[in-house]
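Please look through the structure shown below before reading the briefing that follows.

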Amino acid sequence: KRMLRGKSLNKILRWPLELVLVSFCAQIGTLPLTAIYFDRIPLAAILANVVVIPLVMLVVLLGFVLIPVAFIWNNFGDLIGIGISFLLDLLVGFIHWFSSFQFVKIDVAHISVFEVFFLFGLLLFMVFEISKKKFGRTIIVFLTVLNFLIWRPFFDTKELQITFLDV
């Protein structure tokens with residue numbers, strides 16, 4: 001919020017920036033749960049949400065308009081319903097198109113409940129460190145944990161292999 005208080009930011013630029021920041025905060029807050037339930041971390045959801053959230057807001061708004069209008073004037077209600085259907089088809093098409101890219105997610109190994117609590121603790125640590133303006137330490141901790149999550153599947157084998165070299 002402090003970043004957005006400046007008078008130099010245009011109101012036209014402020015709304016998309018707030019949308020991206022809220023989406024980023026929501027994604028960071030739900031990251032451990034996303035990792036435990038879906039075994040992946042979404043990377044490009046922030047970019048997709050810039051298009052998805054306004055479309056969903058428009059669909060919800062038109063849905064609320066549709067209910068009373070359909071009772072009063074049936075033909076106009078049909079037109080609004082067709083518009084909502086078009087917007088939903090557009091939304092689903094965009095989501096399918098966007099999810100087809102390879103860079104939109106990182107697959108991680110299945111994590112335990114203990115690791116989820118650890119990640120939530122890490123997120124709280126990062127929030128407190130950022131509020132103290134200690135960005136270097138926060139970035140190092142975040143990258144270390146991200147490396148752990150990315151490389152863990154490669155070392156998560158059930159077989160023990162020992163190689164002896166006798167020279």
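Which residues have the most contacts inside the largest nonpolar core? They are Phe94 and Phe98, in a core of 13 residues, where a nonpolar core is a set of buried Ala, Val, Leu, Ile, Met, Phe, Trp, Tyr and Cys residues joined through side-chain atoms within 4.5 Å. This is a predicted model, in which local features need pLDDT of at least 70 and side-chain atom pairs count only at pLDDT 80 or more, while totals for chains, interfaces and linings use all residues. Residues are numbered from 1 along each chain as its sequence is written, and side-chain values use heavy atoms, with hydrogens and water left out.

- A second, separate core has twelve residues, among them Leu31 and Val116.

**Phenylalanine 94**
- Phenylalanine 94 counts as buried (under 20% relative accessible area, with a 1.4 Å probe, protein chains only), because its relative accessibility is 17%.
- Beyond its neighbours within four places in sequence, phenylalanine 94 is in contact (heavy atoms within 4.5 Å) with Ala48, Val51 and Val52.

**Confidence**
- The protein chain has a mean pLDDT (the predictor's confidence in each residue, from 0 to 100) of 77, and 83% of its residues reach 70 or more.
- Confidence is highest in H3, at a mean of 89, and lowest in helix H5 (residues 135-155), at 72.

Conventions:
Buried < 20%, exposed > 50% of the residue type's maximum accessible area, 1.4 Å probe, protein only. Helix = DSSP H or I, 4+ residues; strand = E, 2+ residues; numbered from the N terminus.
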